Amino acid sequence: MNLAQFNRILRQTFLLPVIALLIAAGAIYLQVRGANETVRLIQEADTRIAQTAQVAKLIVDQESGLRGYQATGDGRFLVDFRAAEQHIQPELDTLANVSGLDDVQRRNIEDLRNEYQNWHDAFALPIMATVRAGGQANDVNLNLYGKSLMDQVRQDLITITQHAEDRRSVRIQEWHRQVRNLIEALIVVALGMGILIGLFMRSRLHAVSSAYRTSLEVLGRRAEEIFQSEQQLRTTLASIGDGVITCNASGRIQMMNPVASELTGWDQAEATGRSLEDVFCVVNENTGEPIETPVAKVMRLRTVVGLANHTALVRKDGTRILIADSGAPIRDQNGEIAGIVLVFRDITLERRTQETLLANEKLAVAGRLAATIAHEIHNPLDAVSNLLYLMRMGVTEEESRQFISMAESELARVTQISRAMLGLYRESRAPVPVDLKNILEEILLLMEHRFHELHVTVQTDLPDSVVVDAFPAELRQVFTNLIANAAEASSPGGKITISASSIAGNSAAPAGARIIIADNGPGIPDEIRSQLFQPFFTTKGQHGTGLGLWVSRGITNKHGGAIEIVSDTNPSSHGTVVTVSLAEKPAIATGTTAEAI
């Protein structure tokens with residue numbers, strides 16, 4: 001049963017009793033309305049009886065006043081007669097106008113009016129005239145005649161009253177019958193509605209009960225599935241090689257896997273409920289200053305974030321390890337952040353390994369240049385020795401000055417070579433303005449003997465000045481690797497073209513420099529080109545370390561640039577073009593080169 005079906009059952013359960021009560025109320029209303037009508041008719045009958053009694057009282061007052069005046073001749077007895085005489089006709093009119101009269105009652109009232117008028121005109125008024133004239137009003141026949149007229153009046157009053165009482169009795173019986181019917185109807189309706197509602201509620205409750213049992217079974221299965229999923233998740237988290245910490249939206253730790261406990265030095269039991277800053281304390285590797293926690297960064301950016309470079313984790317015992325991590329928001333059904341998950345790993349060994357590999361690559365570069373440098377230095381020194389020998393053998397003053405000038409030139413060349421060699425490995429602690437033309441010329445000077453051995457010619461297109469902010473020793477290493485690779489690829493008898501140019505900045509890319517090193521070697525096959533920047537991949541056998549391009553790409557990325565290699569193996573247009581792009585003002589962290597690799 002879904003929610004819509006359940007809501008429909010609730011509506012039916014609510015509406016059925018309401019409808020039943022409305023039907024019962026309608027039936028009761030009709031019964032009560034009929035009873036009220038009967039009561040109204042009873043009240044009309046009571047009104048007619050009371051009005052008839054009022055008319056009878058007035059007639060009796062008239063008759064009593066007339067008898068007293070007839071017996072005594074005293075006019076004071078006519079006071080009641082006159083008072084009743086003034087009201088008798090209006091009262092008869094009122095009696096005739098009472099609602100609910102039938103034809104029989106109307107005829108009776110009309111007969112009463114006529115009989116009364118006949119008594120009043122044919123007996124009462126003559127008697128009063130006779131007494132007023134001093135005559136005798138004791139005539140038996142006259143009085144019997146008057147009595148007969150009054151008896152007719154009384155009979156009419158009795159008839160009217162009796163008819164009204166009969167109608168009243170009938171109405172009362174009708175009212176009692178209606179009350180009984182109302183009670184019986186209430187009982188029947190109550191029983192019928194009760195049974196109907198009971199049966200309906202039983203069916204609905206049975207449906208709800210079945211749905212509830214089904215829901216319990218579904219919930220039970222889901223609870224078991226959730227439990228199994230949770231166990232699987234816990235097993236997965238425990239098996240992950242990285243540390244995992246989950247926090248709520250306020251930054252309180254909810255769960256840690258064993259790796260996270262080992263890396264932080266905190267047990268899960270003692271870390272649960274603590275603020276992340278207490279357990280996961282991160283600082284800058286070089287300065288020791290606290291840095292923004294992933295929780296604060298995720299809440300601020302509301303997306304997946306990573307820690308800055310050179311991040312160190314301060315463990316519970318105070319020791320530090322280098323880490324790399326990322327934080328991601330946990331969102332609820334409404335898309336709001338309900339928590340944060342933090343994944344981190346120890347990169348201390350990895351960092352040390354990278355630094356060692358970088359040092360090895362530097363040594364490899366130095367080894368490749370050692371013979372060339374020794375030869376380049378040996379030749380000028382031999383020339384100086386020969387010049388000194390000639391000077392000792394005796395020369396003219398002009399020849400001496402010429403030999404000294406030649407010796408100074410050769411020594412200047414030795415000094416230039418030694419300085420270039422020293423610059424190749426001298427580390428800068430911060431990026432400085434570097435003229436790429438000078439660096440490239442120094443490298444070409446150091447490799448001049450190597451080019452001669454490989455029978456390679458070099459053509460340059462270097463402007464007066466192309467300056468970028470960089471670590472000069474690292475750029476020397478990059479260009480030494482790339483130029484050496486180009487020379488070896490194009491030998492023997494090949495040609496290398498080296499050019500440098502400035503790049504104007506725009507909205508899409510910042511200002512910088514572009515260095516292009518092209519050779520006319522056989523080119524690089526596609527299957528090899530995809531692996532060029534992988535560490536330890538080399539095509540030189542035992543003569544290569546496989547780290548040159550990997551290190552060079554890391555250094556270039558560190559300087560906000562990139563290396564692109566385009567190669568052609570077509571026999572008619574073979575060759576390789578390496579393009580190095582560098583940013584003019586890159587944001588370079590003042591750490592080791594290994595960080596960028």
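**Working through the model**

Tutor: Start with a cysteine: Cys281 has a relative accessible area of 30%, so it is partly exposed. Keep in mind that this is a predicted model.

Student: What about Cys247, buried or exposed?

Tutor: Cys247 is buried, because its relative accessibility is 1% and the cut-off for buried is under 20%.

Student: How many disulfides does the structure hold?

Tutor: The count is 0 disulfides. A disulfide is a covalent bond between the sulfur atoms of two cysteines.

Student: OK, zooming out. How many helices and strands are there in the chain?

Tutor: The chain has 15 helices and 14 strands. It is 597 residues in length, and 36% of them are buried.

Student: And how much accessible surface does the chain have?

Tutor: About 33,100 Å², with carbon and sulfur atoms accounting for 56% of that.

Student: What share of the contacts join residues at least 24 apart?

Tutor: The share is 69%, taken among contacts between residues at least 6 apart in sequence.

Student: Let's pick a helix. How many residues of H13 are buried?

Tutor: 16 of its 19 residues are buried, so H13 is largely enclosed by the rest of the structure. Helix H13 covers residues 472-490. From first C-alpha to last it reaches 27 Å, close to the 27 Å expected at 1.5 Å a residue.

Student: Changing topic: how many aromatic pairs are there?

Tutor: The structure holds 3 aromatic pairs. In one of them, the ring centres of Trp119 and Phe123 are 6.5 Å apart and the planes are at 40 degrees, so the pair counts as tilted.

Student: Where do Trp119 and Phe123 sit along the helix?

Tutor: Both are in helix H3, residues 103-132, and they are 4 residues apart, which means a separation of about one helical turn. An α-helix has 3.6 residues a turn, so residues three or four places apart point the same way.

Student: Are those two buried or exposed?

Tutor: Trp119 and Phe123 are both buried. Ring pairs also bring in Tyr116, giving a cluster of Tyr116, Trp119 and Phe123.

Student: Which lysines lie over ring faces?

Tutor: Lys316 lies over the face of Trp266, 4.7 Å from the ring centre.

Student: Now histidines. Where is His163, and what does it touch?

Tutor: His163 is in helix H4, residues 140-239. Leaving out residues up to four places away in sequence, His163 touches Asp102, Val104 and Gln105. With 18% relative accessibility, His163 counts as buried.

Student: And His455, buried or exposed?

Tutor: His455 counts as exposed, because its relative accessibility is 54% and the cut-off for exposed is over 50%. His455 is in the loop between helix H12 (448-454) and strand E9 (457-461).

Student: What is the phi of His455?

Tutor: Phi is near 55 degrees, which is a positive value in a residue other than glycine.

Key. Residues are numbered from 1 along each chain as its sequence is written. This is a predicted model: local features need pLDDT of at least 70, side-chain atom pairs count only at pLDDT 80 or more; totals for chains, interfaces and linings use all residues. Side-chain values use heavy atoms; hydrogens and water are left out. Helices (H or I, at least four residues) and strands (E, at least two) are DSSP runs, numbered from the N terminus. The expected span of a helix is 1.5 Å times one less than its number of residues. Buried means under 20% relative accessible area, exposed over 50%, partly exposed in between (1.4 Å probe, protein chains only). Contact means heavy atoms within 4.5 Å. Accessible areas come from the Shrake-Rupley method with a 1.4 Å probe; for residues, only the protein chains shown count as cover. Rings of Phe, Tyr and Trp (its six-membered ring) pair if their centres lie within 6.5 Å; planes under 30 degrees apart count as stacked, over 60 as edge-to-face and the rest as tilted. A charge sits over a ring if NZ of Lys or CZ of Arg is within 6 Å of the ring centre and within 35 degrees of the ring normal. A disulfide is a pair of cysteine sulfur atoms within 2.5 Å.
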